[in-house]
Amino acid sequence: MKKYIIGMIALLALLWSCGGGEAEGKAEKDKFYTTEVPEAGVLRVGIKQLEDSLNKISLNRKIDDKITNLVQQAYIEKLKLMYQAYPKDKDAALSLRKVYMMYSAMGVPDLSVKYADTLIERYPKYEERWLALQSNAIYYDMEVVPRNKEKVRYYLEKLIKEYPNIDPEILQQAKSRLETIDLSFDELIKQQNK
C-alpha cells in the first residue's frame with residue numbers, strides 16, 4: 001500500500017510538472033526576445049576580429065565564397081550596429097565609411113551609395129567625408145543607367161565647395177568633370193583619345 005501511495009504521488013508530481021511545464025513553455029513562447037547591444041569597446045574588438053578574419057581570407061584562395069560572404073555580412077552588421085547604437089562615438093562615421101566601401105567591394109553599389117549618403121548627411125565634419133562624395137559622383141556618372149548628371153553635379157560641387165584644400169589633383173579632376181558634365185564617361189574618353 002505504501003508503494004502504491006508513493007507511486008501515485010510520483011505519478012501526480014510527474015503529471016503536474018508536465019502540465020506546469022507546458023504553461024511555462026507557452027509563456028516563454030509568447031515572450032519577445034531582445035538582444036542587448038554590446039558596449040562600444042566590445043563592438044570595436046569584434047569589428048577588429050572580423051577585419052583580421054577578412055584579411056586572412058583574402059590571402060587564402062581556397063576558402064569557399066559562402067564563408068567569405070558570411071564573414072563580410074557579419075562585419076557589415078557589426079559596423080552598422082556601431083553606427084546605429086553609438087552615433088556619437090568616435091568610430092561611428094568610420095564605421096559608415098567601412099560599410100559603404102564594403103558594399104562597393106561586394107558589388108552592391110545601391111547600398112554603398114545609401115550608406116555613403118548617410119555618412120555625408122550625418123557627419124559633415126568627418127575628415128574623409130570627401131571620399132563618400134567622390135564615390136557617389138563616380139557611381140552616378142559611370143554605373144547608374146541611365147546616367148544621372150544632376151547627381152554627379154551635386155556631389156562634385158559639394159566636394160569642390162567643402163574641400164578646397166584636398167589633393168589638388170582630385171580637385172582638378174572634379175572641376176574638369178564638371179566642365180564636361182554633358183558628356184557621358186565613354187564620350188569623354190573618346191573625346192580625350194582624339
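The model is predicted. Its chain has 194 residues, and 32% of them are buried. Among contacts with a sequence separation of 6 or more, 53% are between residues 24 or more positions apart. The chain exposes about 13,700 Å², and carbon and sulfur atoms supply 57% of that area.

Charged side chains come next. The count of salt bridges in the chain is 13. One of them joins the side chains of Arg44 and Asp89, with N to O at 2.8 Å. This pair links distant parts of the chain: Arg44 belongs to helix α2 (residues 40–59), whereas Asp89 sits in the loop between α3 (65–85) and α4 (92–105), and the two are 45 residues apart. Arg44 also meets Asp91 in a salt bridge, here with N to O at 3.0 Å. Because Arg44 lies in helix α2 and Asp91 in the loop between α3 and α4, this second pair ties together parts that are 47 residues apart in sequence.

The cut-off for buried is under 20% relative accessible area. Asp89, at 19%, counts as buried, and Asp91, at 15%, is buried as well.

Another salt bridge lies within a single helix. Arg153 pairs with Glu150, and their closest N and O atoms are 3.0 Å apart. Both residues lie in helix α7 (residues 149–162), where three residues, about one turn of the helix, separate them. Arg153 is partly exposed at 23% relative accessibility, and Glu150 is partly exposed with a relative accessible area of 47%. Back at Arg44, salt bridges that share partners join Arg44, Asp89, Lys90 and Asp91 into one network.

Which residues of α5 are buried? They are Ser112, Val113, Tyr115, Ala116, Asp117, Thr118, Leu119 and Ile120. The cover over these buried residues includes α3, α4, α6 and α7.

Asp110 is also found in helix α5. Is Asp110 buried or exposed? Its relative accessibility is 52%, and because the cut-off for exposed is over 50%, Asp110 counts as exposed. The side chain of Asp110 makes a polar contact with the side chain of Tyr139 at 2.6 Å. Asp110 and Val144 are 34 residues apart in sequence, and their C-alpha atoms are 9.3 Å apart in space.

Thr68 is a residue of helix α3. With a relative accessibility of 15%, Thr68 counts as buried. Which residues is Thr68 in contact with, leaving aside its neighbours within four places in sequence? The contacts of Thr68 are with Leu54, Ile57 and Ile63.

Ile138, Met142, Phe185 and Ile189 make a nonpolar surface patch of about 320 Å². Two helices, α6 (129–143) and α9 (185–192), each supply at least two residues of this patch. Met142 is one of the patch residues and is found in helix α6. Its relative accessible area is 44%, so Met142 is partly exposed.

Notes: Residues are numbered from 1 along each chain as its sequence is written. This is a predicted model: local features need pLDDT of at least 70, side-chain atom pairs count only at pLDDT 80 or more; totals for chains, interfaces and linings use all residues. Side-chain values use heavy atoms; hydrogens and water are left out. Patches are made of residues with over 30% relative accessible area and no salt bridge: like charges are joined within 9 Å, nonpolar side chains (Val, Leu, Ile, Met, Phe, Trp, Tyr) within 5 Å. Accessible areas come from the Shrake-Rupley method with a 1.4 Å probe; for residues, only the protein chains shown count as cover. A salt bridge is a side-chain nitrogen of Lys or Arg within 4 Å of a carboxyl oxygen of Asp or Glu. Helices (H or I, at least four residues) and strands (E, at least two) are DSSP runs, numbered from the N terminus. Buried means under 20% relative accessible area, exposed over 50%, partly exposed in between (1.4 Å probe, protein chains only). Contact means heavy atoms within 4.5 Å. A polar contact is a pair of N or O atoms within 3.5 Å; within protein, one must be able to donate a hydrogen and the other to accept it, and residues adjacent in sequence count only if both atoms are side-chain atoms.
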